[in-house]
Amino acid sequence: TNSLLYSEQFDNAYWGKSLVTISADDGVAPDGTTTADKIIPTASTTRSHYSYRAISFTTPKCLSIFAKPDGFNFISLILQVGATTSQGVQFNVSTGVVVTSQNATGTITDVGDGWYRCSIIPTNSSTSSNILIAVNDGATPGSYFNTPVTGDGSKGILIWGAQYETGTLTTYLPTTSAALVGLTGVTRGANGTTAASATSGDDIQQLPYALL
């Protein structure tokens, strides 16, 4: 599933901006389209350079995004709760490593062309109020897992494909104005009942016609 809307359009009003600007369609995304947005910290030194979205889910979920360096090398995904209970992971999207975490487990996967898919799953049960996508320079996160950074209005990070889902990380589902639910573990069943794995060359019956 993907509970987030406008998963590739961070310039949309759905996504809040705190001391960042969004340059829409600024780079080539992992799917080969020019739909990656650049998140750019403004020219100031603060802990509040991020894009965010208020959420109202009662159960902590898996948050993920695709990211690529474009002036800055570090990005943090944060599920905001309290000063010490917030769930966050800091990623280096230049070297492809998880730098540090708080109340969460992070994964980072190379998807090619300098892009990484970063994900965070909470390890505590605190219910978050906001999703934060924060650009930083690799400094140690402090209260609320926020990291001070000095922006120049030009350097940033390319982002694409935000997803928020129950359970573990799954295939990315792009959204616009509606959330999506996809299919996993598709099988065929005998007479539509008992599940069985389908293999190439199997007969498939679709009443009232039989197809080979």
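Is lysine 38 buried or exposed at 10% relative accessibility? Lysine 38 counts as buried, because its relative accessibility is 10% and buried means under 20% relative accessible area, with exposed over 50% and partly exposed in between (1.4 Å probe, protein chains only).

1. Basis of the note. This is a predicted model, in which local features need pLDDT of at least 70 and side-chain atom pairs count only at pLDDT 80 or more, while totals for chains, interfaces and linings use all residues. Residues are numbered from 1 along each chain as its sequence is written, and side-chain values use heavy atoms, with hydrogens and water left out.

2. The six-stranded sheet. An open sheet of six strands runs in the order β2-β3-β14-β6-β11-β10 with antiparallel pairing, where strands are DSSP runs (E, at least two residues) numbered from the N terminus and two strands pair if DSSP finds at least two bridges between them. The edge strands, each pairing on one side only, are β2 (20-27) and β10 (104-112). On average, neighbouring strands of this sheet are turned by 30° against each other, direction ignored, with axes taken as lines fitted to C-alpha atoms and angles running from 0 to 180 degrees between N-to-C directions.

3. Strand β6 and its partner. Within this sheet, β6 (residues 62-70) runs antiparallel to β11 (residues 115-122) and is joined to that strand by five bridges; serine 64 has serine 119 in β11 as its bridge partner.

4. Salt bridges. Two salt bridges are counted, a salt bridge being a side-chain nitrogen of Lys or Arg within 4 Å of a carboxyl oxygen of Asp or Glu. In one of them, aspartate 70 meets lysine 38 at 3.6 Å, N to O, and this pair links distant parts of the chain, with aspartate 70 in strand β6 and lysine 38 in strand β3 (residues 36-41), 32 residues apart. Aspartate 70 counts as partly exposed because its relative accessibility is 27%.

5. The other pair. Lysine 68 forms a salt bridge with aspartate 113, with 3.7 Å between the closest N and O atoms; lysine 68 lies in strand β6 and aspartate 113 in the loop between β10 and β11, 45 residues apart. Aspartate 113, at 56% relative accessibility, counts as exposed.

6. The β8-β9 hairpin. Strands β8 (residues 87-92) and β9 (residues 97-102) pair in the antiparallel sense over five bridges, and asparagine 92 has valine 97 in β9 as its bridge partner. Four residues lie between the two strands of this hairpin, and glycine 96 in the turn has a positive phi of about 75°.
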